[in-house]
Amino acid sequence: MEFVRLNNGIKMPILGYGVFQIADQEECERCVLDAIEVGYRLIDTAQAYGNEEAVGKAVKKCGVKREELFITTKVWIANAGYEKAKSSIEESLKKLQLDYLDLVLIHQPFNDYYGTYHAMEDLYKEGKIKSIGVSNFYPDRLIDITKFNEVVPAVNQVETHVFNQQIKPQEIMKKYGVQIQAWAPFAEGKNSFFTNETLKEVGDRYNKSVAQVALRYLIQRDVSVLPKTVSKDRMIQNIDVFDFELTKEEMAVIEGLDKAESLFFSHYDPQTVEYLTGLVR
């Protein structure tokens with residue numbers, strides 16, 4: 001496994017396992033146990049996923065030392081604001097059966113996310129959180145929260161895949177010392193991702209799959225990735241991306257797939273904002 005060094009000195013695996021959309025508790029617990037067994041050490045969950053308890057049970061059962069694991073959760077919009085956020089993070093710790101969290105993110109930049117961030121800063125100073133950051137923050141809001149808070153976000157988790165590569169936003173993140181992390185690195189299969197001819201052609205040269213090439217491309221760009229699957233075989237495949245390296249020419253060809261547009265939603269779209277903020281009513 002390769003690691004990235006966050007802006008506070010903490011080491012984070014560059015590749016982790018995400019549990020988004022694994023709502024069934026037993027299945028989620030099984031998946032996390034499988035992921036840890038095959039070598040994953042970063043597990044990414046969220047309050048809104050509804051599976052923190054399952055992740056906690058798996059972490060308890062896995063047999064791996066706590067200090068070898070990197071556990072992330074995210075504060076949901078409904079829990080925004082200083083008091084609610086702090087209380088919700090304490091609740092997440094209980095659900096996950098942990099004494100501390102390695103990383104806590106603001107899930108979406110809505111509601112009183114400044115109050116949320118201040119609560120995270122205080123818990124960070126208390127040692128209950130090792131690193132704090134944000135998710136789905138576009139460059140304008142990322143600069144804003146970086147400029148006017150004491151602790152610079154360690155991570156910004158955003159939609160990142162070969163069709164939306166976040167080239168310019170990543171440059172801004174690097175400027176401010178923020179690590180980019182990819183959700184949906186497989187674009188959730190959109191745009192015929194898994195049969196993409198460009199990725200397939202590159203993969204054939206290394207006897208690697210489309211998914212492996214896509215992950216390798218992001219990793220070589222210093223993007224932390226969170227592939228999600230419920231298949232143990234796919235988990236093994238997704239983590240097997242550290243024994244080959246793409247050439248400059250191959251990297252350039254894959255960069256050509258970038259459309260620099262979301263395949264899911266835009267926070268600049270009023271209907272999207274109304275939908276997301278409406279989830280807390």
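Reply: The second largest pocket is lined by 22 residues, and Asn164, Gln166, Pro169, Ala260 and Ser262 lie nearest its centre. Elements that give two or more residues to this lining are α5 (139-147), β8 (155-159) and α6 (167-175), and α6 gives the most, with four residues. Helices (H or I, at least four residues) and strands (E, at least two) are DSSP runs, numbered from the N terminus. This is a predicted model, in which local features need pLDDT of at least 70 and side-chain atom pairs count only at pLDDT 80 or more, while totals for chains, interfaces and linings use all residues. Residues are numbered from 1 along each chain as its sequence is written, and side-chain values use heavy atoms, with hydrogens and water left out.

Me: What makes a set of points a pocket, and what makes it a cavity?

Reply: Both are found on a 1 Å grid over the protein atoms alone: a cavity is a set of points where a 1.4 Å probe fits but cannot get out, whereas a pocket is an open set with protein on both sides within 12 Å along at least five of seven lines, and lining residues have an atom within 4 Å of a point. The structure holds one cavity of 30 Å³ or more, lined by Val75, Trp76, Ile77, Ala80, Ile106, Gln108, Phe110 and Thr116.

Me: What volume does the largest pocket have, and which residues lie nearest its centre?

Reply: Its volume is about 900 Å³, where a volume is the space filled by probe spheres set on the points, which are joined across faces, edges and corners. Its lining has 39 residues, with Phe20, Gln21, Trp183, Ala184 and Glu188 nearest the centre. The second largest pocket has a volume of about 420 Å³.

Me: Why is Gln170 called buried?

Reply: Buried means under 20% relative accessible area, exposed over 50% and partly exposed in between (1.4 Å probe, protein chains only). Gln170 has 6% relative accessibility, and therefore counts as buried. This residue is found in helix α6.

Me: What makes the pairing of Gln170 and Arg221 a polar contact?

Reply: A polar contact is a pair of N or O atoms within 3.5 Å; within protein, one must be able to donate a hydrogen and the other to accept it, and residues adjacent in sequence count only if both atoms are side-chain atoms. The side chains of Gln170 and Arg221 are joined by such a contact at 2.5 Å.

Me: How do you know that Asn51 is buried, and which backbone oxygens does its side chain reach?

Reply: Asn51 has a relative accessible area of 0%, and so it is buried. Asn51 lies in the loop between β4 (42-44) and α2 (52-61). A polar atom of its side chain lies 2.9 Å from the backbone oxygen of Val19, and the side chain of Asn51 reaches the backbone oxygen of Ile22 at 3.1 Å.

Me: What makes a set of residues a nonpolar core, and which members touch the most others here?

Reply: A nonpolar core is a set of buried Ala, Val, Leu, Ile, Met, Phe, Trp, Tyr and Cys residues joined through side-chain atoms within 4.5 Å. The largest one has 83 residues, of which Leu15, Tyr17, Val32, Val162, Phe193 and Leu199 touch the most other members. Helix α8 (residues 210-220) gives the most to this core, with eight residues.
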